[in-house]
Amino acid sequence: MLQKLQNHIDKNLSFLKDKRLLLAVSGGIDSMVLVHLCHQLKLNFAVAHCNFQLRGNESDDDESFVKSQIESLSNHFVTPSAVEVQKVNIPLFIQKFDTANFAKEQKLSIQVVARNLRYDWFYSLLANHNFDYIITAHHLDDSIETFLINFTRGTGLEGLTGIPTRNDKIVRPLLIFSRNEIESYAKENNIAWREDSSNSTDKYWRNKLRHDVIPVLKDLNTSFLSSFQNTIESLQQSNSLVKDASSNMYKKIVIEEEHHTEIDLTKLLKLPNYKAYLFKWLQPFGFTDWKAIYDLIQANSGKQVFSETHILLKNRNSLLLSPKQTKVNNELFWIEKSHLEVKVPLKLSFCNVSDISTQGTNTIFVDEDKLEFPLTIRKWEEGDVFYPFGMKGKKKLSKYFKDEKLSLIEKSKIWLLCSNNEIVWIIGKRQDDRFKITKQTTNILQINYTNE
């Protein structure tokens with residue numbers, strides 16, 4: 001196993017050589033074998049252990065065990081040939097997390113919270129201590145379990161490619177080994193480890209697959225592991241081709257604006273497999289109701305589909321993707337007469353001038369004596385009316401937005417500058433006629449909007 005890993009690193013993971021590595025070590029058999037192998041190969045590494053405090057004394061015992069094992073390795077180093085002995089130092093980082101309370105506060109599952117806490121901490125160690133990569137002990141059986149979980153829940157090609165060997169700064173060199181190989185190596189080399197009691201329960205989906213499904217597959221096909229590896233490699237190659245095609249078509253059909261992404265349906269629908277492209281582009285944003293998304297293509301303008309973080313809006317011949325906005329409709333931002341500049345919720349500047357220069361959508365000139373301070377900035381509301389600059393009579397904002405063909409996403413970003421709740425300016429769009437400069441104006445106020 002040691003030589004097999006050395007060959008794997010030489011052939012596929014040569015970038016790890018002479019790099020500073022951070023090993024994620026729980027104390028279980030997989031991570032303890034990982035430590036032993038890296039130690040024998042004389043890699044430059046440190047160890048990071050998370051105590052999630054979820055199993056009482058058992059969690060604390062895991063922490064103590066990891067400490068003692070790393071201290072022992074730091075005191076004695078035996079080369080693979082057992083010819084020489086020298087002392088080395090293995091840095092050890094330990095972090096306790098109040099995982100249960102954090103999950104309760106965030107209203108997330110223990111598993112999701114633990115993963116987020118773990119990797120956030122690992123990446124902070126990389127940044128603060130100049131490590132190059134995070135090394136985890138995931139192995140072939142873990143990849144099989146991930147494949148089956150995604151397959152059972154429903155997924156695209158990406159979800160059927162198993163666990164990647166490398167993902168950004170995370171590297172998993174043990175994916176070429178099965179759980180049985182790891183157990184055999186641990187016993188042959190007298191490697192100590194801790195058993196996690198939660199692994200024996202079928203409470204979690206992964207454990208059900210591990211205990212009840214995968215053993216059956218191995219019994220049905222004695223070459224199941226090697227067959228699975230070949231299948232995964234084939235799927236990964238296919239996925240690479242799909243990514244290339246998706247990326248090329250994305251450049252032709254999708255336009256990335258400052259506040260949203262626009263998918264041109266006229267161009268998209270010319271593709272014979274347009275649903276596959278749409279899935280590839282939208283899946284990273286957390287969408288799961290694909291029937292609703294595909295139905296959206298033929299829906300009327302204004303129809304929306306939501307994920308946890310994003311909105312997908314049908315707008316005429318386009319789909320508009322944008323992040324969800326925090327509702328601030330009732331929030332007011334006050335501007336006193338003495339204020340020359342405001343930065344929240346957007347950037348405005350005020351100055352008195354003697355005459356009018358070029359007027360545009362981002363600059364207006366108003367009669368200051370017609371204003372009642374403090375001014376306010378707020379979101380628009382149904383029923384709002386204004387008197388469009390240069391026109392007679394009033395107009396509902398909803399009608400103005402319709403005439404301007406603004407999408408729901410664009411409308412959600414509109415702010416109003418108001419005086420005594422009368423609209424002075426639809427900021428960045430249209431000034432109100434009631435506050436315009438006339439021959440009788442003696443105090444001209446210039447207002448600039450910086451669109452950043």
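**Figure 1. Helix H9 lies across strands S9 and S10 in this predicted model.** Helix H9 covers residues 224-253. H9 runs at about 70° to S9, while strand S10 spans residues 261-264. Helix H11, made of residues 274-282, also packs on the sheet. H11 touches S9, S10, S12 and S13, and its direction makes about 175° with that of S10.

**Figure 2. Helices H9 and H11 pack against each other.** The axes of the two helices are 10 Å apart, and the packing angle is about 90°. Angles of 65 to 115 degrees count as roughly perpendicular, and H9 and H11 are therefore roughly perpendicular to each other. Which residues of H11 meet H9? They are Tyr277, Lys280 and Trp281. On the side of H9, the residues are Asn239, Val242, Lys243, Ala245, Ser246, Met249, Tyr250 and Ile253. The residues of this contact divide into seven nonpolar, two polar and two charged.

**Figure 3. Five strands form an open sheet with antiparallel pairing.** The order of the strands is S9-S10-S13-S12-S11. Strand S9 (254-256) and strand S11 (304-306) are the edge strands, and each pairs on one side only. From one strand to the next, the twist averages 20°.

**Figure 4. Strand S12 pairs with S13 and with S11.** Strand S12 holds residues 310-315 and strand S13 holds residues 318-323; six bridges join these antiparallel strands. In S13, Ser322 is the bridge partner of Ile311, and Pro323 is the bridge partner of His310. The hairpin of S12 and S13 has two residues between the strands, and Arg316 takes a positive phi near 55° there. Three bridges join S11 to S12, and these two strands run antiparallel. The hairpin from S11 to S12 passes through three residues.

**Figure 5. The residues of S12 are buried.** Why is S12 described as largely enclosed by the rest of the structure? Six of the six residues of S12 are buried, so the strand is largely enclosed. His310, Leu312 and Lys314 point one way from S12, and Ile311, Leu313 and Asn315 point the other way.

**Figure 6. A second sheet, also open, has six strands.** The order is S5-S2-S1-S6-S8-S7, and the pairing is mixed. Strand S5 (92-96) and strand S7 (166-167) each have a single partner strand, so one side of each is left without a neighbour in the sheet. Strand S6 (residues 133-135) and strand S8 (residues 170-171) run parallel and are joined by two bridges. Ile135 stands opposite Val171 in S8. Helix H5 (residues 110-129) lies across S1, S2, S5, S6, S7 and S8, and runs at about 145° to S2.

**Figure 7. The largest nonpolar core has 35 residues.** In soluble globular proteins, nonpolar side chains tend to be buried together. Leu23 and Phe45 have the most contacts inside this core. Helix H1 (2-12), S1, helix H2 (29-40), S2, helix H3 (57-75), S6 and helix H7 (179-188) each supply at least two of the core's residues. H2 gives the largest share, seven residues. Leaving aside residues up to four places away in sequence, Phe45 touches Leu21, Leu23, Val35, Cys38, His39, Ile90 and Pro91. Another core, of 21 residues, lies apart from this one and includes Ile253, Leu296, Leu319 and Leu321.

Note on methods: Residues numbered from 1 in each chain as written. Predicted model: local features only at pLDDT ≥ 70, side-chain atom pairs only at ≥ 80, totals over all residues. Heavy atoms only, no water. Pairing = 2+ DSSP bridges. Helix = DSSP H or I, 4+ residues; strand = E, 2+ residues; numbered from the N terminus. Axes fitted to C-alpha atoms, helices over the stretch in contact; angles between N-to-C directions. Contact = heavy atoms within 4.5 Å. Parallel < 35°, antiparallel > 145°, perpendicular 65-115°, else oblique. Nonpolar A, V, L, I, M, F, W, Y, C, P; charged D, E, K, R; others polar. Core = buried A, V, L, I, M, F, W, Y, C linked by side-chain atoms within 4.5 Å. Buried < 20%, exposed > 50% of the residue type's maximum accessible area, 1.4 Å probe, protein only.
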